[in-house]
Amino acid sequence: MKHPSDELARLISGDLREPRASAVRAHVRECAHCQAAYDRLEAVEVRLRALPRLAPPPDFMLHLQARIAQAPPAPVRSRPWAPLGAFFIGVLALALSFGDLQRLFNAALPSWTDLNGWWALLQQSSADISVTLAVGMCALAVGCVLLVRSFAVTLPPPHASNARDRALA
Amino acid sequence: MGSAFGWALPRFSTMQNGAAQEERERGTPSDEALALRVQGGDAEAFTVLVERYQRLVINVAYRMVGDSDLAQDIAQDVFMNVYQRIAQFDTRRRFYSWLYRITVNAALHERRRPAPASLNELPLEDTQPQPDELAERAEADRELQAALQTLSERERTVIGLRYGADLGYDAIAEVLQVPLGMAKTWLFRAKQRLADVMERGAA
């Protein structure tokens, strides 16, 4: 067996799985080189784990809330390229289907109370709408939704509903 | 020490995704659910996230910069950063991974600035030993912290995540966005370097 140097640390920390752990243990018992390496690493492991764990100071949260209150977060645009890209695709598709649009806008509109007329117009429009025009309209709709969402993500200061912070104030 | 080796090996518990994971498994809201609520403006959810992770973030930073006051300042900056950038967090991903990445970057950034090293006055979680033990232990800790500060950034980072936040190898790899094998190698080399430095210091 080659010296399993890189597995010694995992053996010490209990991260080496059986049956490999047993095999490495057996090797270390018989190999002075690996025994010495094991002892060195074990000493390091013990000291690293003995390093004190710091507890956060009691006013950690209050201090953080005070800082946040002084610097409210700016609105974040999660993916500014997404609405722009959707708009670009939409405009391109609409431009390519200019003829379809002309036909749609040239159609005579029925009166507001003529439901049958509106139904007939809808059917006729559906037949006239090309795939390109449909893609363009969908892309524009997606672009609008993404744009609204990207501006809608703003957060109130987190201390606003916190009782401890109100007490501090 | 060699003769004591065998089945009486010290068996440290295998660390998985840290103390925060255990807390999640006890039925409390997941980090990601809380982050989603913070994105919707829920201030209490942010408080819960801070309280869940403040100790871990401070201890990761402490192991990386070797100064507890500075570690506390870094933790403040980290949570400030989290709050300001929470809208960018993808709640389909793990929150702790995002949080520790911010922590590591903040600690590395701070560490590049010259700062006086000192062991300081933040409260310790352990029970306080007797004065002579305390002095002995403080000296040992000071030596270890000095040795840690001689490691490379990468080595200090894996040590900080492993022993400050109790992360397992897989979680360290996830935080650092490297393959699992690379995380294992970095940690092994960090410990070897630490052993070399400490031996040279003792000689």
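This report describes the helices, cores, cysteines and aromatic pairs of a predicted model with chains A and B.

**The two chains**

Chain A has nine helices and zero strands. Chain B likewise has nine helices and zero strands. Read from the N terminus, the elements of chain A run α-α-α-α-α-α-α-α-α, and chain B follows the pattern α-α-α-α-α-α-α-α-α along its sequence. The table sets out some totals for each chain.

| Chain | Residues | Share buried | Accessible surface | Share of surface from carbon and sulfur |
|---|---|---|---|---|
| A | 169 residues | 36% | about 10100 Å² | 66% |
| B | 203 residues | 51% | about 9500 Å² | 49% |

Contacts can also be sorted by how far apart their partners stand in the sequence. Among the contacts in chain A between residues at least 6 apart, 66% join residues at least 24 apart. For chain B, counted among contacts between residues at least 6 apart, the share joining residues at least 24 apart is 69%.

**The nonpolar cores**

The largest nonpolar core has 69 residues. Those with the most contacts inside this core are B:Phe46, B:Tyr53, B:Val82, B:Phe95, B:Tyr100, B:Leu167 and B:Leu194. Helix α3 of chain B, residues 43-65, supplies the largest share of the core, with 13 residues. Apart from this core lies another, of 13 residues, and among them are A:Leu8, A:Ala21, A:Cys31 and A:Cys34.

Not counting residues up to four places away in sequence, B:Val82 touches B:Phe46, B:Phe95, B:Trp98, B:Leu99 and B:Ile102.

**Helix α2 of chain A and its cover**

Helix α2 of chain A spans residues 20-30, and its buried residues are A:Ala21, A:Val24, A:Arg25, A:His27 and A:Val28. These residues cover an arc of only 165° around the axis, which puts them on the same side of α2(A). An α-helix has 3.6 residues a turn, so residues three or four places apart point the same way. The cover over the buried residues of α2(A) includes α1 (5-12) and α3 (32-50) of chain A.

A:Glu7 lies in helix α1 of chain A. Its relative accessibility is 12%, and because buried means under 20%, A:Glu7 counts as buried. Leaving aside neighbours within four places in sequence, A:Glu7 is in contact with A:Leu16, A:Arg20 and A:Val24. The C-alpha atoms of A:Glu7 and A:Ala21 are separated by 8.6 Å, although the two residues are 14 residues apart along the chain.

**Cysteines**

The structure holds zero disulfides over all chains. A:Cys34 is in no disulfide, and the nearest cysteine sulfur, that of A:Cys31, is 3.7 Å away. A:Cys34 is buried, with a relative accessible area of 1%. A:Cys138, at 51% relative accessibility, counts as exposed.

**Aromatic pairs and a link between the chains**

A pair of aromatic rings is described by the distance of the centres and the angle of the planes. Over all chains the count comes to eight aromatic pairs. In one of them, the rings of A:Phe60 and B:Phe79 have their centres 6.0 Å apart and their planes at 85°, so the pair is edge-to-face. A:Phe60 lies in helix α4 of chain A (residues 60-70) and B:Phe79 in helix α4 of chain B (residues 68-85), so the pair joins two chains. A:Phe60 and B:Phe79 are both buried.

Leaving aside neighbours within four places in sequence, B:Gln54 is in contact with A:Pro56, A:Phe60 and B:Phe79.

Ring pairs also form a cluster made up of B:Tyr53, B:Phe89, B:Phe95, B:Tyr96, B:Trp98 and B:Tyr100. Of these, B:Tyr53, B:Phe95 and B:Tyr100 are also among the residues with the most contacts inside the largest core.

Definitions and conventions
Residues numbered from 1 in each chain as written. Chains lettered and ligands numbered in written order. Predicted model: local features only at pLDDT ≥ 70, side-chain atom pairs only at ≥ 80, totals over all residues. Heavy atoms only, no water. Core = buried A, V, L, I, M, F, W, Y, C linked by side-chain atoms within 4.5 Å. Buried < 20%, exposed > 50% of the residue type's maximum accessible area, 1.4 Å probe, protein only. Helix = DSSP H or I, 4+ residues; strand = E, 2+ residues; numbered from the N terminus. Contact = heavy atoms within 4.5 Å. Arc of directions from axis to C-beta. Disulfide = S-S within 2.5 Å. Areas by Shrake-Rupley, 256 points an atom, 1.4 Å probe, with all protein chains shown as cover. Phe/Tyr/Trp six-rings, centres within 6.5 Å; stacked < 30°, edge-to-face > 60°.
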